[in-house]
Amino acid sequence: MGEPAEAGSEELVLAFLAEAGDEFVSGEAISDKLGLSRAAVWKHVNALRRHGYRIDAVAARGYRLREIPDRLTALELRPLLATHDLGQVLHCHEELASTNDFAKMLAEEGAAHGEAVIAERQTAGRGRRGRAWLSPPLKNLYLSVVLRPDLPPHRASELTLVASVALCEVIREAGVAAGIKWPNDILVGGRKVAGILTEMAAEPDAVHWVVLGVGVNLNARPEDFPDDLRSRVTSLAAERGQPVPRALFAAALLTRLEEWIDRHADEGFEPVRNAWRELSVTLGRRLEAQADGRAVEGVAEDVDASGALLLRTATGVVRIVAGDVQILPAR
Ligand code: BTN
């Protein structure tokens with residue numbers, strides 16, 4: 001693991017088995033389709049078993065994929081990806097300080113649009129505003145994607161809302177009623193389940209790269225979080241009462257993210273803004289926010305055409321462009 005992965009024969013055999021779902025596929029069909037000898041197919045099936053795949057082999061029927069290991073490597077992810085760019089080059093690591101830092105280094109070295117970095121654990125995971133992102137091993141998703149958008153720098157922040165819409169939709173499809181707290185926290189019942197950290201390099205009229213970092217608490221248990229965080233965070237598994245197949249989730253997220261990135265490129269920010277409004281748990285709520293270094297209180301009315309939050313206060317509408325907001329109890 002660690003090197004960017006290209007599809008090898010083992011992956012092709014796996015993709016073939018995965019496509020057949022619950023059905024058996026004959027060794028002959030696989031060897032004909034992939035141009036491999038029957039002995040080579042058998043060798044790849046055994047290699048996959050050593051990686052933790054459960055594959056039935058039954059005389060006169062062939063092979064059937066029974067179970068995939070809960071790992072995030074190219075082997076698990078590739079057969080599940082339905083993207084043209086995102087994740088087509090994958091950098092999968094057991095451990096990194098931060099997937100965002102690694103992706104930024106790749107971007108500086110010329111990584112292509114869509115290259116994705118995943119780590120099973122982060123030793124220095126970063127959140128917004130200099131906070132740490134707790135990254136217990138082998139349970140959650142820590143993913144960063146290098147983007148090279150054709151956007152002026154003042155519009156690059158729209159990509160954070162693009163990502164929050166994609167992320168919230170995929171979490172909802174996993175059966176958890178999540179919503180977006182402005183600008184891009186994903187909450188379930190007021191507790192944080194996922195966050196997005198966007199970083200970029202630009203000059204006045206061009207974006208060089210954007211790194212979109214996503215952390216999702218998938219299978220973490222309450223005891224994986226320190227006491228002081230426990231009441232404010234949750235995970236998909238805790239909410240829906242059953243574990244999340246991580247590779248499926250990661251592939252669904254990359255696929256949905258690409259759909260929204262393409263839509264944003266073709267149609268602009270308006271459809272993103274409309275979807276964001278639908279998924280928001282902020283609009284209509286009473287909030288406290290920071291504007292020009294002072295606390296302001298008001299009701300969240302809308303997001304404007306640049307993604308800024310419009311807060312109706314006692315003295316008029318205040319535009320909040322960055323920072324955190326606190327949702328206040330209803331009066
Ligand atoms: C936040 O809500 O504060 C943003 C959290 C972002 C965490 C992710 S985990 C993957 C990527 N690598 C990092 O170091 N941070 C982001």
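Author: The second largest pocket of this predicted model has 24 lining residues, and Ser157, Thr160, Thr198, Val321 and Ala322 are those nearest its centre. A pocket here is an open set of points on a 1 Å grid over the protein atoms alone, where a 1.4 Å probe fits, with protein on both sides within 12 Å along at least five of seven lines, and lining residues have an atom within 4 Å of a point. Its volume, the space filled by probe spheres set on points joined across faces, edges and corners, is about 480 Å³. Helix 6 (158-173) and strand 8 each give at least two lining residues, with strand 8 contributing the most, five; helices (H or I, at least four residues) and strands (E, at least two) are DSSP runs numbered from the N terminus. By class, this lining has twelve nonpolar, eight polar and four charged residues, where Ala, Val, Leu, Ile, Met, Phe, Trp, Tyr, Cys and Pro count as nonpolar, Asp, Glu, Lys and Arg as charged, and the others, Gly among them, as polar.

The largest pocket has a volume of about 970 Å³, and among its 44 lining residues Arg131, Trp133, Asp185, Lys192 and Val233 are closest to the centre.

Residues are numbered from 1 along each chain as its sequence is written. Local features need pLDDT of at least 70 and side-chain atom pairs pLDDT 80 or more, while totals for chains, interfaces and linings use all residues, and side-chain values use heavy atoms, leaving out hydrogens and water.
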